[in-house]
Amino acid sequence: MASNGVGNGEFSFDNKRRTGLPKIQTQKTEDENVVCHDDSATPVKAQTLEELHSLQKKKSAPTTPIKSPHVFGVAVSEEERQKQQLQSISASLASLTRETGPKVVKGDPARQAETPKVQRPVHHHHTPALNISDSGLKFTHILYNLSPAELYEQAIKYEKGSFITSSGALATLSGAKTGRSPRDKRVVRDETTEDDLWWGKGSPNIEMDEQTFLINRERAVDYLCSLEKVFVNDQFLNWDPNNRIKVRIVSARAYHSLFMHNMCIRPTPEELEDFGTPDFTIYNAGQFPCNRYTHYMTSSTSIDINLARREMVILGTQYAGEMKKGLFGVMHYLMPKRQILSLHSGCNMGKEGDVALFFGLSGTGKTTLSTDHNRYLIGDDEHCWSDHGVSNIEGGCYAKCIDLAREKEPDIWNAIKFGTVLENVVFEEHTREVDYTDKSVTENTRAAYPIEYIPNAKIPCVGPHPKNVILLACDAFGVLPPVSKLNLAQTMYHFISGYTALVAGTEDGIKEPTATFSACFGAAFIMLHPTKYAAMLAEKMLKHGATGWLVNTGWSGGSYGSGSRIKLAYTRKIIDAIHSGDLLKAEYKKTEVFGLEIPTALEGVPSEILDPVNTWPDKKAHKDTLLKLGGLFRKNFEVFTNYKIGSDSNLTEEILAAGPNF
Ligand SMILES: Nc1ncnc2c1ncn2[C@@H]1O[C@H](COP(=O)(O)OP(=O)(O)OP(=O)(O)O)[C@@H](O)[C@H]1O
Ligand SMILES: O=C([O-])CC(=O)C(=O)O
Ligand SMILES: [Ca+2]
Ligand SMILES: [Mn+2]
């Protein structure tokens with residue numbers, strides 16, 4: 001026992017010769033001149049609590065002009081600029097059957113002090129009383145480009161299911177829909193889109209007419225204008241400054257506003273001053289259903305795109321991903337018109353400037369694998385490839401959270417902090433610790449965060465031409481090799497096929513994997529025929545000498561149920577070897593049926609798993625499954641056999657020959 005004089009079962013707090021707690025000093029000591037009187041504090045600069053609170057805040061940046069604003073070279077006053085901005089928002093919210101837009105005013109109606117006293121409509125001219133609706137008699141309060149902190153307050157105060165989690169993220173519920181509704185996505189078919197777009201079997205563009213669009217638009221706008229307040233976000237898409245698109249998002253929920261704040265590119269205060277008229281507008285009236293008696297409406301949900309009007313209307317779903325992916329669809333139309341390829345892919349860049357693209361359907365690993373601590377993240381989901389290189393379309397990431405673990409995905413884990421929207425997760429009531437394994441609300445739990453929350457994000461999110469094009473498939477059949485090197489024709493074959501096999505609904509016990517084929521790894525978002533995008537990709541890969549790879553992030557050692565998912569650590573080793581160039585130099589052999597070139601050895605990955613047949617205990621079962629998958633690929637490709645890809649019929653024939661052979 002320590003020789004501090006305290007022994008025999010007694011304990012002490014330190015090793016000084018003391019027998020008990022230090023005495024609390026109540027007497028003034030000589031060297032300290034501490035005064036403890038209540039009246040010693042500096043006087044309060046306010047007479048009332050209200051006044052005191054008003055001292056907390058100073059005017060914030062977005063409404064403060066940085067430089068004197070000009071319109072057509074003529075200086076306009078700040079007051080005039082504010083008026084123009086409100087006019088623009090009122091015009092966005094205008095019903096098409098009434099002469100004027102709603103009266104709009106900035107600020108939260110609950111905070112009267114912040115609401116300007118101007119009770120004067122934006123449009124001064126006298127409008128016939130006949131055309132005024134009830135919602136036209138009142139002001140619609142505009143919560144314009146609020147900050148994350150302001151949006152947190154709005155969400156927590158007014159939206160059920162909004163909570164701050166222990167790491168500071170905003171937990172929200174998206175309501176009845178916890179995923180996208182592709183069967184309710186419609187596009188207006190008019191003279192232009194008739195010829196431009198891909199219609200009919202296999203196309204994601206379900207048609208609607210202009211009139212029906214206007215009915216739904218009116219329904220959304222009337223709903224939004226009937227509210228006390230609406231959120232308006234003015235933001236950008238695409239980091240390529242020459243091909244940037246201005247988007248306006250009008251929504252009823254702080255959740256939607258914060259989600260888009262994170263996912264689109266955030267304008268600087270200066271950029272906001274010059275914003276002007278948006279190129280595209282979303283009306284998100286997600287809480288309000290569409291009218292089933294309206295032509296074309298097959299459910300209470302409708303996501304409607306009108307390219308001519310440059311508008312999108314959302315009714316009957318609050319899932320925020322509809323906005324993100326709806327805009328992606330728009331980019332899939334606008335960018336190819338400018339000879340720019342739009343891609344459903346992640347993208348990152350090595351220290352040497354080597355860029356890699358990661359294609360794949362939902363859940364195959366775009367976000368997980370592009371978020372790589374040793375590389376710069378350009379983006380996780382939506383990119384453009386132009387003559388100048390790649391650019392991210394978005395300003396944020398949207399990561400799957402199910403079974404998220406700090407050790408496996410540290411950068412994503414750490415990005416879930418203040419400002420991040422956490423959708424549909426379950427958390428401990430008291431500590432607010434999120435349980436990422438809990439699927440009670442949905443398996444599709446998600447985190448949306450600004451890209452700069454990833455420490456090695458490449459800002460601005462642009463990079464040179466890709467060196468590697470990695471096609472990801474989560475093959476729950478367990479027959480595709482963990483990695484294969486592809487020639488150009490094979491890359492095109494697999495790009496057009498867009499294969500993955502996930503296992504749905506784990507609750508009801510083991511289910512058969514179901515193959516999904518989604519052209520260009522994003523058939524739900526493309527607007528033109530898949531061969532148009534494929535031809536552009538082939539041309540770009542050839543021109544810039546990019547190498548194609550097929551990586552199976554799914555099963556090994558058997559199909560779902562008997563085998564297991566390939567360890568993320570192994571997939572990361574494979575990806576590292578692609579980036580470093582080591583894999584290009586490896587020794588290869590060809591597989592049966594799919595004719596894929598697979599490496600015989602790769603550092604950090606057990607050699608036996610590189611050829612799936614080695615990992616299957618039942619060789620016959622392996623062969624049967626391989627043939628079954630080959631058959632599914634073949635059947636899926638039938639619809640493409642009559643199309644020419646690019647100007648070269650040689651490439652078309654090569655692509656057709658690059659599929660399974662048996
Ligand atoms: N070997 C593996 N490789 C990649 N991801 C894996 C692997 N094993 C498990 N996973 C898990 O699979 C999921 C991949 O999802 P990810 O968010 O990357 O999908 P995504 O391709 O970005 O889809 P979306 O387009 O829907 O956002 C993650 O939850 C990840 O942890
Ligand atoms: O859009 C979504 O909801 C999520 C996503 O990224 C995808 O499905 O590709
Ligand atoms: Ca993703
Ligand atoms: Mn995606």
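What makes the arrangement of the 6 donor atoms around the manganese ion (ligand 4) irregular? I kept this question beside me through the entries below.

**Entry 1: ground rules.** I am looking at a predicted model, where local features need pLDDT of at least 70 and side-chain atom pairs count only at pLDDT 80 or more, while totals for chains, interfaces and linings use all residues. Residues are numbered from 1 along each chain as its sequence is written, chains are lettered from A and ligands numbered from 1 in the order in which they are written, and side-chain values use heavy atoms, with hydrogens and water left out.

**Entry 2: the manganese ion.** I looked up the protein donors of the manganese ion (ligand 4) and found Lys325 (NZ), His344 (NE2) and Asp381 (OD), at 2.2 to 2.4 Å. Donors here are N, O and S atoms within 2.8 Å of the metal (3.2 Å for Na, K and Ca), and sites may look incomplete because water is not among the atoms. Then I had my answer: the 6 donor atoms subtend angles of 68 to 170 degrees, which makes the arrangement irregular. Six donors count as octahedral if opposite donors are over 155 degrees apart and all others between 65 and 115; four count as square planar on those same terms, or as tetrahedral if all angles lie between 85 and 135 degrees, and anything else is irregular.

I also noted the sequence spacing of the donor residues, K-x18-H-x36-D. Lysine 325 sits in helix α9 (residues 321-337) and histidine 344 in strand β14 (residues 341-349), so this pair ties together parts 19 residues apart in sequence. Helices (H or I, at least four residues) and strands (E, at least two) are DSSP runs, numbered from the N terminus.

Lysine 325 has 10% and histidine 344 has 5%. The calcium ion (ligand 3) is 4.7 Å from the manganese ion (ligand 4).

**Entry 3: ligand 2.** Which residues surround ligand 2? I listed Arg180, Tyr319, Lys324, Lys325, His344, Ser362, Asp381, Tyr398, Arg446 and Phe525; a residue is near a molecule if one of its heavy atoms lies within 4 Å of it. An oxygen atom of ligand 2 is 2.6 Å from a side-chain N or O atom of lysine 325, another entry gives 2.7 Å for tyrosine 319, and histidine 344 comes in at 3.2 Å. The protein covers 94% of the 260 Å² of accessible area that ligand 2 has on its own, by the Shrake-Rupley method with a 1.4 Å probe.

**Entry 4: ligand 1.** Of the 20 residues around ligand 1, the nearest are Ser362, Lys366, Thr367, Glu409 and Arg446. Side-chain polar atoms lie 2.6 Å from a ligand oxygen for glutamate 409, 2.7 Å for arginine 446 and 2.8 Å for lysine 366. Taken alone, ligand 1 exposes 650 Å², and the protein buries 90% of that. Helix α10 gives the largest share of the shell, 3 residues.

**Entry 5: a last stop.** Histidine 494 lies in helix α12 (residues 488-497) and is buried, at 3% relative accessible area.

How values were computed
Polar contact = N/O pair within 3.5 Å; in protein donor to acceptor, adjacent residues only side chain to side chain. Buried < 20%, exposed > 50% of the residue type's maximum accessible area, 1.4 Å probe, protein only.
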